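User: I am new to reading protein models and would like a close look at one part of this one. Could you pick a single residue and walk me through its surroundings?

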Amino acid sequence: MKASDVKKGNVVEHEGTVYQVRDIERSSPTARGGNVTFRFTMYSIPGGRKFDLSLRADDDLKEMDLVRREVNFSYMDGDAFVFMDNEDFTQYMLAPELVGDNAGYIVEGVEGYYVQVIDDAPVGLQVPTSVTLTVVDTAPEMKGASATKRTKPAKLNTGIEIQVPEYISNEEKVWVNTLTGEFAGRA
């Protein structure tokens, strides 16, 4: 596929690494006969490392076929996370390095997880934008705390730690924004 045909969201291969295109900047030269160049901001799959690439309009990029499969978390197999496809019940075993920082947002019974698959091999995991987790350890509730904006650390049932308002206590369920890793409200 020509660089001029690439759109945001396309998955391409460059020098043996697979990337998803997030942003495209087109620059046209002012001189006659100059080449139009495209600057791509891409993120590696898996890993999410940012990569900038500049190409002329007629340069080639190999397009990859990325499939998103809706899955549910099933169980842990050693360190690996096992997800089951909602349609055909295929099981995908994801290594901890593939899951990365999203490991703290994986809980059973939650919908909205997607495994990214290239050539039948899982290469990434998308988590829902928010999940409900249970507070397992935090300081006791302070009297009159609801009138203040102060926060305190709280450890959640998946092992991650976030800042919560002072009025939150142990065993309460809270919404956590998976994009920012912040408290989003009581569940």
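Analyst: Happy to! Let us begin with threonine 41, which counts as buried because its relative accessibility is 16%; buried means under 20% relative accessible area, exposed over 50%, and partly exposed in between, with a 1.4 Å probe and protein chains only. Before going on, please note that this is a predicted model, in which local features need pLDDT of at least 70 and side-chain atom pairs count only at pLDDT 80 or more, while totals for chains, interfaces and linings use all residues. Residues are numbered from 1 along each chain as its sequence is written, and side-chain values use heavy atoms, with hydrogens and water left out.

Threonine 41 belongs to strand 3, residues 37-44 (strands, E, of at least two residues, and helices, H or I, of at least four, are DSSP runs numbered from the N terminus). Its side chain makes a polar contact of 3.4 Å with the side chain of aspartate 52. A polar contact is a pair of N or O atoms within 3.5 Å; within protein, one must be able to donate a hydrogen and the other to accept it, and residues adjacent in sequence count only if both atoms are side-chain atoms.

Who else is around? Not counting residues up to four places away in sequence, threonine 41 touches Gln20, Val21, Arg22, Asp23, Lys50, Phe51 and Asp52, where contact means heavy atoms within 4.5 Å.

Leaving aside neighbours within four places in sequence, glutamine 20 is in contact with Gly9, Asn10, Val11, Thr41, Met42, Tyr43 and Ile45. By comparison, the C-alpha atoms of glutamine 20 and serine 74 are separated by 27 Å, the two residues being 54 apart along the chain.

For a contrast, look at glutamate 15, in the loop between strand 1 (11-14) and strand 2. Glutamate 15 is exposed, because its relative accessible area is 73%. Its phi is near 55°, a positive value in a residue other than glycine.

Phenylalanine 89 is another residue with a positive phi, about 65°, although it is not a glycine. You will find phenylalanine 89 in the loop between strand 7 (80-85) and strand 8 (91-94). With a relative accessible area of 58%, phenylalanine 89 is exposed.
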